[in-house]
Amino acid sequence: MSLVLEVDALTAGYGAATALQGVSLTVANGEWIGLLGANGSGKSTLLRCISHLVSQQAGRILVQGIDVAKDTVAARRHIGVAVAPDILPAALTLAQCLDVQATAFGLTGPSDLALEVLETLHLTTQSNKPLGWLTLGLRQRISVTLALVQKPSLLLLDESFNGLDARAAAALESILSREVVAGQMAIVMATHALPLVERCCTSALLLHEGKPVQQWNLRTGNVLVSLETAIARALDTPA
């Protein structure tokens with residue numbers, strides 16, 4: 001499988017504060033990586049660095065072989081970012097957001113995958129309502145749909161299953177798993193939902209205070225205990 005994402009010795013932060021230090025990660029097409037760790041461990045910062053919303057202080061990030069720091073526009077064409085629901089444009093409708101997103105990627109309309117998610121998650125009836133009128137769960141669904149407009153090769157999810165009801169979560173999980181298994185997409189997901197990681201992810205990376213602690217290959221089953229127990233043991237192990 002070809003590498004979609006390469007993160008090499010990444011260090012990043014905010015001002016004088018270091019949020020990530022020495023993080024390396026590779027993600028191939030057809031892989032779904034779970035980023036684990038406590039709040040403030042650096043999961044969201046890593047996703048923001050990959051999409052170049054936060055600049056790295058050291059190291060290198062390649063998406064489809066493109067250095068995101070040197071050619072951000074070209075790299076971002078391959079990345080779908082499910083943004084936090086509260087930063088979606090409240091005054092715009094879903095239909096308007098889809099048009100804007102498609103235009104930004106030089107498309108005449110959303111990808112078939114985005115349209116499938118739109119239909120499966122029952123968003124078509126919401127298309128002409130301002131996003132600010134909608135519930136958190138609906139805006140969370142919309143955020144993921146917008147991230148799929150150009151059918152990216154790399155999808156970044158930051159707690160994107162939060163706020164979804166069980167039916168919507170199961171439907172979204174099924175569609176994304178299908179795309180990953182078919183080798184159509186790679187996913188990097190920050191989450192606290194360990195059952196979701198155990199069901200869907202091919203591997204999991206544990207971060208603690210901005211540093212990588214341990215990575216597990218979930219596809220080969222080298223986690224012989226529950227992921228929760230494995231994390232606890234990893235954090236109890238002296239550096």
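Ala, Val, Leu, Ile, Met, Phe, Trp, Tyr, Cys and Pro count here as nonpolar, Asp, Glu, Lys and Arg as charged, and the others, Gly among them, as polar. The structure above is a predicted model, in which local features need pLDDT of at least 70 and side-chain atom pairs count only at pLDDT 80 or more, while totals for chains, interfaces and linings use all residues. Residues are numbered from 1 along each chain as its sequence is written, and side-chain values use heavy atoms, with hydrogens and water left out.

The whole protein comes first. Its secondary structure comes to eight helices and 10 strands; helices (H or I, at least four residues) and strands (E, at least two) are DSSP runs, numbered from the N terminus. The radius of gyration is 17 Å, close to the 18 Å that the globule rule gives for 239 residues, so the protein is as compact as a globular protein of that length. That radius is taken over C-alpha atoms, and the globule rule is 2.2 Å times the number of residues to the power 0.38. Along the principal axes, the C-alpha atoms fill a box of roughly 55 × 40 × 35 Å. Of the 239 residues, 50% are buried, where buried means under 20% relative accessible area, exposed over 50%, and partly exposed in between (1.4 Å probe, protein chains only). Among contacts (heavy atoms within 4.5 Å) between residues at least 6 apart in sequence, 69% join residues at least 24 apart.

Helix H3 covers residues 94-104, and its buried residues are Leu-94, Cys-97, Leu-98 and Ala-102. Seen down the axis of H3, these residues fall within an arc of 130°, so they line one face of the helix; the arc is that of the directions from the helix axis to the C-beta atoms. An α-helix has 3.6 residues a turn, so residues three or four places apart point the same way. The buried residues of H3 pack against helix H4 (112-120) and helix H5 (136-147). On the other side of H3, Val-100, Thr-103 and Ala-104 are exposed. Just after the helix, Gly-106 takes a positive phi of about 70°.

Rolling a probe the size of a water molecule over the atoms shows where empty space is left. On a 1 Å grid over the protein atoms alone, a cavity is a set of points where a 1.4 Å probe fits but cannot get out, and a pocket is an open set with protein on both sides within 12 Å along at least five of seven lines; lining residues have an atom within 4 Å of a point. Grid points are joined across faces, edges and corners, and a volume is the space filled by probe spheres set on the points.

The largest pocket has a volume of about 400 Å³. Its lining holds 20 residues, of which Arg-76, Val-81, Val-83, Gln-101 and Phe-105 lie nearest its centre. At least two lining residues come from each of helix H2 (72-76), strand S6 (79-82), H3 and H5, and H3 gives the most, with four. By type, the lining divides into 14 nonpolar, four polar and two charged residues.

The second largest pocket has a volume of about 250 Å³. It is lined by 16 residues, and Arg-48, Ala-82, Val-83, Ala-84 and Asp-158 lie nearest its centre. Helix H1 (43-50), S6 and strand S7 (154-158) are the elements that give two or more residues to this lining. The lining of the second largest pocket has 10 nonpolar, three polar and three charged residues.

Some single residues remain. Met-189 lies in strand S8 (residues 186-190) and is buried, with a relative accessible area of 1%. Leaving aside residues up to four places away in sequence, Met-189 touches Trp-32, Ile-33, Gly-34, Leu-35, Leu-157, Phe-161, Leu-196, Val-197 and Cys-201. Ser-153, in the loop between H5 and S7, is also buried, at 13% relative accessible area.

Most residues other than glycine have a negative phi, and most peptide bonds are trans. Ala-9, in strand S1 (residues 3-14), has a positive phi near 50° and is partly exposed, with a relative accessible area of 39%. His-52, in the loop between H1 and strand S4 (56-63), has a positive phi near 60°. At 23% relative accessibility, His-52 counts as partly exposed.
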